[in-house]
Structures are given as structure tokens and as C-alpha cells.
Amino acid sequence: MSYYPMNVKLQGRCCAVIGGGNVAERKTLSLLAAGAKVTVVSPALTEKLAGLARAGHITWIAREYTAGDVQNCFVVICATGDPAVNSQAAKEAREGGSLVNVADNPGLSDFHVPSAITRGDLMLTVSTAGKSPAMARRLKEELGGRYGPEYGRYLEIVAKVRREMKEQLPTSQDREQFWRDTFDENVLTLLRLGKMDEAEERIQNAVSSTGIKP
Ligand SMILES: C[C@@]1(CC(=O)O)C2=NC(=C\c3[nH]c(c(CCC(=O)O)c3CC(=O)O)Cc3[nH]c(c(CC(=O)O)c3CCC(=O)O)/C=C3\N/C(=C\2)[C@@H](CCC(=O)O)[C@]3(C)CC(=O)O)/[C@H]1CCC(=O)O
Ligand SMILES: NC(=O)c1ccc[n+]([C@@H]2O[C@H](COP(=O)([O-])OP(=O)(O)OC[C@H]3O[C@@H](n4cnc5c(N)ncnc54)[C@H](O)[C@@H]3O)[C@@H](O)[C@H]2O)c1
């Protein structure tokens, strides 16, 4: 089975999590981090989820799932400990047009959640198509050790220069060539060595060499 990688905007969108255990907690936290409006349906919640409900950061429907609970949700995550409830809720959610993730049954899911680290707007994800979440997590930790917060900061510098270059360089071919030449191994080596200033200088030098004023 091959998957289509896609980073989806969830800001302000209604999403539902069915179940209130550890898995539901992890999924809820990542949905909230993406700006989703989250409703949790479960008779019981972890301490953390209960705190989020008390603070009004999530809506809690404090009972077992019943049909119709998750209408009009963009994403529905079925994470109870009961496979029959998960698959029934998944069926109803999909019929209602939601994108569905079933925590105990990748085969019933429309998507799965990759292991991810973020450095500002830089996001690195690892997916194993459900074959080994533990391996995904391990690889993510390795990436986390290798790519520190400086990469997120550098991304902001690059993004600013990129906006300028979009105005200054006339064609998309020019821009593509500029970035292929500029974003070479050396920049990554400098970042890896923690030499942010030198990495920034390389970008500024590349801009200067086009004759454009930075
Ligand atoms: C990446 C991560 C994201 C997240 O959840 O946020 C995630 N699982 C994480 C951790 C994790 N999950 C499990 C373990 C125990 C060790 C192990 O079993 O390996 C660990 C490791 C740990 O906790 O250390 C158990 C497990 N997971 C699934 C099943 C059901 C099944 O396989 O049938 C079972 C068996 C339950 C059982 O045995 O009863 C299913 C899925 N888990 C996925 C994602 C999707 C596939 C992603 C992919 O393959 O790339 C998929 C298909 C659906 C989904 O949930 O989206 C998160 C990493 C957090 C991080 O990055 O730190
Ligand atoms: N996808 C993953 O990453 C992953 C990881 C580990 C486990 N799992 C699977 O996810 C499922 C949940 O794991 P957990 O550790 O959070 O379990 P858990 O037992 O800690 O939590 C289950 C939650 O579901 C709630 N619940 C039970 N029946 C319900 C119903 N009818 N309606 C609504 N809520 C109901 C319970 O109150 C509880 O809050 C398990 O099937 C587990 O095998 C998935």
C-alpha cells in the first residue's frame, strides 16, 4: 500500500477523538497543536485530557460513543479500547464524509499519523505505513538529535530572502537555479556545525552575486 504524503491545515476545523485514554490523549494534543477544535467523546479521560476539558481547550462529551456524535467533523480519530466501537464509529464517520483514523486498525483508516518533530515551521516526519510505529519513533528521535532549533531559525531567514527573490528574479527557472546553487551541502554543513552566521552569510553572498541589493 502506498500513501500520499500531505500536510493538512486543521486550524479552526472541527475534529473528534473517540476514547479518552493515552492514545486519545496523544492524538488530541497533536490536533490541538495544529489549531483544530477538538471534541472528545469518552466516559473517562486521562488527567491531562480532563485538565484540557476543564480549561475549555476541548469539548468533552462525557459518555460512550453513540451514532451521530461526530457529524460534520473534518477528521475523526477512533481510539477507544474497544475494536467493535472503533470500527462502528469509523464506518459512521466515513459515511458522514470525515477522514478517519482507527487507532487499533490501520486497515480501516483513511490516514495514519506519522512520527514528527517540529523546528518552527520545519517539520520532519517518519512513516512506516503502520508496520512499526516504534521504529518511526526511534528514527524521529535520531532526527531530533541531528536537527536542532537552529534549522527552524535558518528557515525563517531563507523564507525572507525567498520572498525577496520571488520579486527580483524574473522567471521560476531563475529562482529554481538560484536556490539549487545556494542551498548546497556547505550550507547544511555550516548549520550542523552551529555556524548560523556563516550560513546566513552564504545566502546573503548569493543574493549579492545576482547584483540584487539585499
Ligand atoms: C507515530 C505515532 C504518531 C502518533 O500516534 O501520534 C503512531 N504511533 C506512535 C507510537 C506507538 N504506537 C504503538 C507503539 C508501541 C510499539 C509498537 O507497537 O510498535 C508506539 C511506540 C511508542 O509509544 O513508543 C502501538 C500501535 N500503533 C498502532 C497500532 C495498531 C496496529 O498496529 O494495529 C499499535 C499496536 C497496539 C497494540 O499492539 O495493541 C497504529 C498506528 N500508530 C501510528 C502512529 C500509525 C502508524 C505510523 C507509522 O507506522 O508510521 C498507526 C497505523 C495509526 C495511527 O495511530 O495513526 C506514535 C509515535 C509517537 C512519537 O513520535 O513519539
Ligand atoms: N495508534 C496508536 O498509536 C496506538 C498505540 C497504542 C495502542 N493503540 C490502540 O489504541 C486503543 C486505545 O489505547 P489506549 O491505551 O488509549 O486505551 P485505554 O484503555 O487507556 O483507553 C480507552 C479509552 O476509551 C474509552 N472508551 C471505552 N469504551 C468507549 C466507548 N464505547 N465510547 C467512547 N469511549 C470509550 C475509555 O473510557 C478510555 O478512556 C487500543 O485499542 C490500543 O490497542 C494504538
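## Domains, strand pairs and ligand shells in a predicted model

The unreviewed UniProt entry annotates residues 151-206 as "domain: Sirohaem synthase dimerisation"; UniProt positions are given in the numbering used here, feature names are shortened, and annotations may be inferred rather than shown by experiment. This is a predicted model, in which local features need pLDDT of at least 70, side-chain atom pairs count only at pLDDT 80 or more, and totals for chains, interfaces and linings use all residues. Residues are numbered from 1 along each chain as its sequence is written, while chains are lettered from A and ligands numbered from 1 in the order in which they are written.

The table sets out both segments; helices (H or I, at least four residues) and strands (E, at least two) are DSSP runs, numbered from the N terminus.

| Residues | Helix | Strand | Distance between end C-alpha atoms |
|---|---|---|---|
| 119-143 | 44% helix | 24% strand | 11 Å |
| 151-206 | 86% helix | 0% strand | 19 Å |

**Domains.** The protein chain is divided into domain 1 (1-113), domain 2 (115-147) and domain 3 (151-209), with bounds that come from an automatic or database domain assignment. Taken over C-alpha atoms, the centres of domain 1 and domain 2 are separated by 21 Å. Their contact takes five residues from domain 1 and four residues from domain 2, two residues being in contact if their C-beta atoms, placed from the backbone, lie within 7 Å. On the side of domain 1 that touches domain 2 there are three nonpolar, two polar and no charged residues. In this classification Ala, Val, Leu, Ile, Met, Phe, Trp, Tyr, Cys and Pro count as nonpolar, Asp, Glu, Lys and Arg as charged, and the others, Gly among them, as polar.

**Strand pairs.** Two strands pair if DSSP finds at least two bridges between them. Strands β4 (residues 75-78) and β5 (residues 99-102) pair in the parallel sense over four bridges, and Cys78 has Val102 of β5 as its bridge partner. Together with helix α3 (residues 83-95), β4 and β5 make a right-handed β-α-β unit; right-handed means that, with the strands pointing away from the viewer, the path from the first strand over the helix to the second runs clockwise. Strands β6 (residues 115-119) and β7 (residues 122-126) run antiparallel and are joined by five bridges. Ala116 stands opposite Thr125 in β7. The hairpin of β6 and β7 has two residues between the strands, and Gly120 takes a positive phi near 65 degrees there.

**Ligand shells.** A residue is near a molecule if its C-beta atom, placed from the backbone, lies within 6 Å of it. Of the 22 residues around ligand 1, Val113, Ser115, Gly130, Pro133 and Ala134 come nearest. Two or more residues are given to this shell by each of α1 (22-33) and α4 (133-146), and α4 supplies the largest share, five residues. By class, the shell around ligand 1 holds eight nonpolar, nine polar and five charged residues. Domain 1 and domain 2 both give residues to this shell, so ligand 1 lies between them.

Ligand 2 is surrounded by 21 residues, the closest being Gly19, Gly20, Gly21, Gly81 and Asp104. Helix α1 gives the most to the shell around ligand 2, with three residues. This shell divides into eleven nonpolar, seven polar and three charged residues.
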